[in-house]
Amino acid sequence: MTQTDDPRIGVFVCHCGHNIAGVVDVEAVAKMAESLPNVVFSCDEMFMCSDAGQQLIRDKIEEHNLNRVVVASCSPRMHEPTFRRVVEEAGVNRYLFDQVNLREHVSWCHTRQPEAATEKAKDLVKMSVARARVLEDLPIKTVKVLATTLVVGGGIAGLRAALDIGDRGFDVLLVEKESELGGHVAKWTHLFPADESGAEVIKPLIKDVKAHKRITTLTNSKVIEFDGYIGNFEVTVENLKTEKKQKFDIGTVIVATGFIPFRPYGYFAYGESPDIVTLAELQELAPSDQLLKPSDGTPVKKIAFIGCVGSREPGVKGHEHCSRHCCAATAKAAADLREKIEEVLILYQDIRTYGKGHEEFYRLARRRHVIFSKFPRDAKPVVTVKNSEVHMSWRDVLADRELTFQPDLLVLATAMIPPEDIAETAKMFSLTRSGDGFFNPEHIKLAPLTTHTAGVMIAGASQAAKNASESVIDASGAAAKAVGLMAKGEVEIESTVSHVLSELCSSCHTCITVCPYGAINMDETVDPPVAFVTEAKCRGCGTCASACPSSAIIMYHSTDNQIMTMVEAYLCSPAQLEGGEPQ
Amino acid sequence: MTTVEKKEVQAKKEWEPQIVAFCCNWCSYAGADLAGTSRIQYPPNARIIRVNCTGRISPEFILASLEMGADGVLVSGCHPGDCHYSSGNLKLRARLTIMKMAIEQAGINPDRIRLQWASASEAQIFADGVTTIVEQVRALGPLRREWK
């Protein structure tokens, strides 16, 4: 695990088109890098991640016999895997690569200060080169991937994912906390874009899942413990009724825990009359020939919808996002109901029927004489309940007139928000969440279905508000990701784990108490006993290394020296680094 | 104005706080990425060092940074309860609480160290945190002067 050769570092500064070079003087940065110790090659290039850029790295490694590479470009969270692969193709260990973030951390956030941005860029490159000098190569480790997927959530996404995986010959454990499979879709009466009810759409899926030899379904059940690492997770599932617990060994995970419809207390008099319901509540009414008023059971003759309830509210945490399904769902429900109801009115801020076949519903609703009225964003309709009657008043933007209406039933198209227990689920699977409260994907564009927990995928509305067909697309994608891992049977894992230098260990047990994964134990076979790390359990947080009072723990790829050398490179002058006094 | 005074004025004008920022990979480094992607502008004084978890940050890193002349240190991690490694941030918080007392006793203003929680989606909180530490430290002046 040592690099005996003298470091020969190549520095590649990326323009990223105009993204970096438009602010940072990339040529000056590359020129400065030339003068740094152990740098034998430095250049700037338009796009380092392009085929040409990648080839340049490989060529220069060969030409200059480089054994470390620094690329100063975008965030390593974006392209570190790309460049690690490139250097490896040219025979350099992936752990001898380091990336500088000149785009997200410099040019994009100091756009109006090109000089200061260039100074910062130079410092960051200096720091990275200093780190590269002391990087060490690490072995590339692989682990086996068990051929079973845990699918959490038995809604439309979970069902589709389970079937896709089962059909490809892998085992699936499907865990659903409700007593029935099918999620929200099963309850919906006006599903778009198909002219079928949700139950009709999802019934065949449920039937196939139940009949599938490879799929084990656990309803009324919840994952209560989750341990292990990619390919080799240990899962404990509890039956919520019987409290019986079962343990399973799992290779991959798909989290499809979905959403809940927002219950909009405080909006449009919701809760003040039984005749004000959410779109989800309307959908879940038992299908009948006639829509009846919930308050007195008389037929509904006038119905109104209000869109964007609890969605698209700038500055309101968890309600800033567009819930995506509501415009089309409202148009579809309104068009359906117009067949039986004399007056159907939709009040909207904006209408965005963006998906395949969605625009057709909007037009169908128009054709059937559903009335659309746009209200201003900053003056929402006012709804009051007087003598158990619902009164609405608003300004119609297009007519520029104040209008009023007294519907028999008012339907609020409310936001999709995360389920109440999403924080618990996030913690269980070490997932992060975005501003809308849903799970963060590994990358919003390039890796929307995988997460930062290797081996754990997300699908459907657990990732963001979306409609059923989009959830199904996600599900098949996530299933493909899981199957890809399992079909290969093994996967490379990070070698960035901690290691105890047993000769320095003072047997104090501090590391054992701080390790969140129980990855450190005492080796009692020696006297005195010393700590040792079970590498498969170590996830590389490094908490033990900083807690050890004897400095007996090395955190590979993040050693004390590798960190402190960056601080030195930033703060100390070259003279100081050689042992001189500060200037 | 004497030459010495002139020099001092000039030095004051040119001095810019140097901030070492330790960010965890999963929350705050990603939050800083999002700040860039969202084009949120903040002072260019901080140099981010990426660590897997704030739990990795040894008190020694912070003390050594100050010793080498950093005017301030920013530590930014996941919110309590949101740590990618479940509890590394809590351990860092415990260490930092004690360390702040220690550096105060050593004559260094503890306002030179800032601990903040910024998740991957809290770009503005991250950027505001950088602004805060830079302004805090600017008000205190260069650390080396505090020593003398």
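User: What pattern does chain B follow along the sequence?
Analyst: This is a predicted model, and in it chain B reads α-β-α-β-α-β-α-β-α-α. That comes to six helices and four strands.

User: And how much of chain B is buried?
Analyst: Of its 148 residues, 56% count as buried. The accessible surface of chain B is about 6,300 Å², and carbon and sulfur atoms hold 55% of that.

User: What share of the chain B contacts join residues at least 24 apart?
Analyst: 79%, taken among contacts between residues at least 6 apart in sequence.

User: OK, switching to chain A. What's the strand order in the open sheet of five strands?
Analyst: β8-β7-β6-β12-β23, with parallel pairing.

User: Which strands stand at the edges there?
Analyst: β8 (215-218) and β23 (456-458) of chain A. Each has a single partner strand, so one side of each is left without a neighbour in the sheet.

User: How far are neighbouring strands turned against each other?
Analyst: On average by 20°, ignoring direction.

User: How many bridges are there between β6 and β7 of chain A?
Analyst: Five, in the parallel sense, between residues 148-152 of β6 and residues 171-175 of β7. Within that pair, V151(A) stands opposite L174(A) in β7(A).

User: What holds paired strands together in general, by the way?
Analyst: Strands of a sheet pair through backbone hydrogen bonds, in either a parallel or an antiparallel way.

User: Last one: which strands does α12 of chain A lie across?
Analyst: Helix α12 (residues 468-488) lies across β6, β12 (252-255) and β23 of chain A. The helix runs at about 175° to β12(A).

Notes
Residues numbered from 1 in each chain as written. Chains lettered and ligands numbered in written order. Predicted model: local features only at pLDDT ≥ 70, side-chain atom pairs only at ≥ 80, totals over all residues. Heavy atoms only, no water. Pairing = 2+ DSSP bridges. Helix = DSSP H or I, 4+ residues; strand = E, 2+ residues; numbered from the N terminus. Axes fitted to C-alpha atoms, helices over the stretch in contact; angles between N-to-C directions. Contact = heavy atoms within 4.5 Å. Buried < 20%, exposed > 50% of the residue type's maximum accessible area, 1.4 Å probe, protein only. Areas by Shrake-Rupley, 256 points an atom, 1.4 Å probe, with all protein chains shown as cover.
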